[in-house]
Amino acid sequence: MAEAMLGCGAIAPRHLTAWADLADVRIIAVCDANRERAEALGAAFGIDRVFCSMSDLLAAEGGRLDFVDITTPPGTRRPLIEQA
C-alpha cells in the first residue's frame, strides 16, 4: 500500500516510525503547509516527494495512494478527509 503523510508536526514522526514497521506499507510523500518542516521530515525518513498543499499532493500522487494519514490539528481534519 502507498501512503502519504499530511501534516509534519510533532506527531508525524511517531506515525511514520509505526508505518515503517509494516512490510506492506510504503510512505511515498509528505505534505505540510510549512515547506521546511515537510522537507525536514521527508529527509529524516528518506521520503523525497514533498508537497505544501493537499491539492498538489493529490494531483501528483492521488492515483498511487491507497490512503492518507492526516496528522494535522483536529479542527483542520474534516475538510482534508473529505478532499482525500
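Predicted model: local features only at pLDDT ≥ 70, side-chain atom pairs only at ≥ 80, totals over all residues.

Q: Where is the place of Thr71?
A: Thr71 is in the loop between β4 and α4.

Q: Is Thr71 buried or exposed?
A: Buried. The cut-off is under 20% relative accessible area. Thr71 has 9% relative accessibility, so Thr71 counts as buried.

Q: Which residues is Thr71 in contact with, leaving aside its neighbours within four places in sequence?
A: They are Met5, Leu6, Gly7, Cys8, Ile11, Ala12, His15 and Arg77.

Q: New topic: the sheet. In what order do the strands come?
A: The order is β3-β2-β1-β4. These four strands form an open sheet, and the pairing is parallel.

Q: Which are the edge strands?
A: β3 and β4, as each pairs on one side only.

Q: What holds paired strands together in general?
A: Strands of a sheet pair through backbone hydrogen bonds, either parallel or antiparallel.

Q: How many bridges join β1 to β2?
A: Five, and the two strands run parallel. For one spot to look at, find Ala2: Arg26 in β2 stands opposite.

Q: Now the helix. Where does α3 lie?
A: Across β1, β2, β3 and β4. α3 runs at about 145° to β2.

Q: Which residues of α3 are buried?
A: Helix α3 covers residues 54-61, and its buried residues are Met54, Leu57 and Glu61. Seen down the axis of α3, they fall within an arc of 65°, so they line one face of the helix.

Q: How many residues does the largest nonpolar core have?
A: It has 13 residues. Leu6, Ala29, Met54, Leu57 and Val68 have the most contacts inside this core. β1, β2, α3 and β4 each supply at least two of its residues.

Q: And what lies apart from that core?
A: Another core, of eleven residues. Leu16, Val25, Leu41 and Ile47 are among them.

Q: Back to Met54. What is Met54 in contact with, beyond its neighbours within four places in sequence?
A: Leu6, Cys31, Val68, Leu80, Gln83 and Ala84.

Q: Is Asp32 buried or exposed?
A: Buried. Its relative accessibility is 8%, so Asp32 counts as buried.

Q: Which side chain does the Asp32 side chain make a polar contact with?
A: That of Arg37, at 3.0 Å. A polar atom of the Asp32 side chain also lies 2.7 Å from the backbone nitrogen of Cys8. Leaving aside neighbours within four places in sequence, the residues in contact with Asp32 are Gly7, Cys8, Gly9, Arg37, Ala38, Phe51 and Cys52.

Q: Last one. What about Asn34 in the loop between β2 and α2?
A: Asn34 is also placed in the loop between β2 and α2. Its relative accessible area is 33%, so Asn34 is partly exposed. Its side chain reaches the backbone nitrogen of Glu36 at 3.1 Å.

Q: How many residues apart in sequence are Asn34 and Gly7?
A: 27 residues. In space, Asn34 and Gly7 are 9.1 Å apart, C-alpha to C-alpha.

Conventions. Residues numbered from 1 in each chain as written. Heavy atoms only, no water. Buried < 20%, exposed > 50% of the residue type's maximum accessible area, 1.4 Å probe, protein only. Arc of directions from axis to C-beta. Core = buried A, V, L, I, M, F, W, Y, C linked by side-chain atoms within 4.5 Å. Contact = heavy atoms within 4.5 Å. Pairing = 2+ DSSP bridges. Axes fitted to C-alpha atoms, helices over the stretch in contact; angles between N-to-C directions. Polar contact = N/O pair within 3.5 Å; in protein donor to acceptor, adjacent residues only side chain to side chain.
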